[in-house]
Amino acid sequence: MADDLPQSVLFCCDHNAVRSPMAEGIMKKLYGTDTYVQSAGVKGDMEIDGFSIAVCQELNVELSRHRSRSFDEMENWGDDLSSFDLVIALSPASQRRALELTRFFHLEVEYWPILDPTGLGEGRDAKLDSYRQARDQIVGKLQAKWGQGNGWM
């Protein structure tokens with residue numbers, strides 16, 4: 001049986017440019033706006049990845065307006081980590097940072113080992129396949145945890 005949706009979820013990865021924005025967008029698409037969903041990276045030094053935009057567009061998930069941000073920027077903008085019910089780390093570095101930042105809060109941090117597609121594949125088609133693999137891992141994890149959602153796949 002799927003878990004009940006939390007009130008708020010923060011997805012995090014290394015740069016908030018590939019995996020965590022995909023997870024944020026897909027979760028919003030699958031489960032609507034009842035849950036507050038955001039994403040952040042250990043660093044916010046990259047723009048949203050074009051391949052992430054492309055493979056999510058295939059599922060009618062719009063990422064082109066996403067602005068990457070780091071944990072530090074997130075806190076500067078007033079999104080306190082302690083206000084999230086669940087933090088889902090999609091990379092080892094983000095898991096370490098999330099655990100470090102939440103050690104004083106009663107906050108659940110889960111680690112979902114999602115493939116980092118950056119740098120994989122030769123040529124556009126092979127790269128897109130790697131990004132689709134990461135996207136599909138995210139969809140699978142979300143649906144395993146919270147059910148089919150809007151069932152658009």
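The model is predicted, so local features need pLDDT of at least 70 and side-chain atom pairs count only at pLDDT 80 or more, while totals for chains, interfaces and linings use all residues. Residues are numbered from 1 along each chain as its sequence is written, and side-chain values use heavy atoms, with hydrogens and water left out.

**Exercise 1. Determine how helix α1 is placed against helix α5.**

Solution. 

Step 1. Locate the elements: α1 covers residues 19-31 and α5 covers residues 123-146. Helices (H or I, at least four residues) and strands (E, at least two) are DSSP runs, numbered from the N terminus.

Step 2. Consider the axes, which are lines fitted to C-alpha atoms, for helices over the stretch in contact, with angles from 0 to 180 degrees between N-to-C directions. The axes of α1 and α5 come within 10 Å and cross at roughly 45°.

Step 3. Classify the angle: under 35 degrees counts as roughly parallel, over 145 as roughly antiparallel, 65 to 115 as roughly perpendicular and the rest as oblique. The helices α1 and α5 are therefore oblique to each other.

Step 4. Assign the hand: a crossing is left-handed if the near helix is turned anticlockwise from the far one by less than a right angle, and right-handed if clockwise. The crossing of α1 with α5 is right-handed.

Step 5. List the residues in contact (heavy atoms within 4.5 Å). On the side of α1 they are Arg19, Met22, Ala23, Ile26, Met27, Leu30 and Tyr31; on the side of α5 they are Tyr131, Ala134, Arg135, Ile138, Val139, Leu142, Gln143 and Trp146.

Step 6. Sort them by class, where Ala, Val, Leu, Ile, Met, Phe, Trp, Tyr, Cys and Pro count as nonpolar, Asp, Glu, Lys and Arg as charged, and the others, Gly among them, as polar. The contact of α1 with α5 has 12 nonpolar, 1 polar and 2 charged residues.

**Exercise 2. Carry out the analysis for α2 and α5.**

Solution. 

Step 1. The axes of α2 and α5 come within 9 Å and cross at roughly 70°. That makes α2 roughly perpendicular to α5, and the crossing is right-handed.

Step 2. Phe51, Ser52, Ala54 and Val55 of α2 meet Arg124, Lys127, Leu128, Tyr131, Arg132 and Arg135 of α5. These residues divide into 5 nonpolar, 1 polar and 4 charged.

Step 3. Arg135 has a relative accessible area of 6% and is buried; buried means under 20%, exposed over 50% and partly exposed in between (1.4 Å probe, protein chains only). Leaving aside residues up to four places away in sequence, Arg135 touches Met22, Ile26, Val55, Glu58 and Leu59.

**Exercise 3. How many disulfides does the structure hold?**

Solution. 

Step 1. A disulfide is a covalent bond between the sulfur atoms of two cysteines. The criterion applied is a pair of cysteine sulfur atoms within 2.5 Å.

Step 2. The closest cysteine sulfur to that of Cys12 belongs to Cys13 and is 7.5 Å away, too far for a bond. The structure holds 0 disulfides.

Step 3. Cys12 is buried at a relative accessible area of 0%, and Cys13 is buried at 2%.

**Exercise 4. Are Asn16 and Asn60 buried or exposed?**

Solution. 

Step 1. Most residues other than glycine have a negative phi. Phi of Asn16 is positive, near 55°, and Asn60 has a positive phi of about 60°.

Step 2. Asn16 is in the loop between β1 (8-13) and α1, and at 0% relative accessibility Asn16 is buried.

Step 3. Asn60 is in the loop between α2 (50-57) and α3 (71-76), and at 56% relative accessibility Asn60 is exposed.
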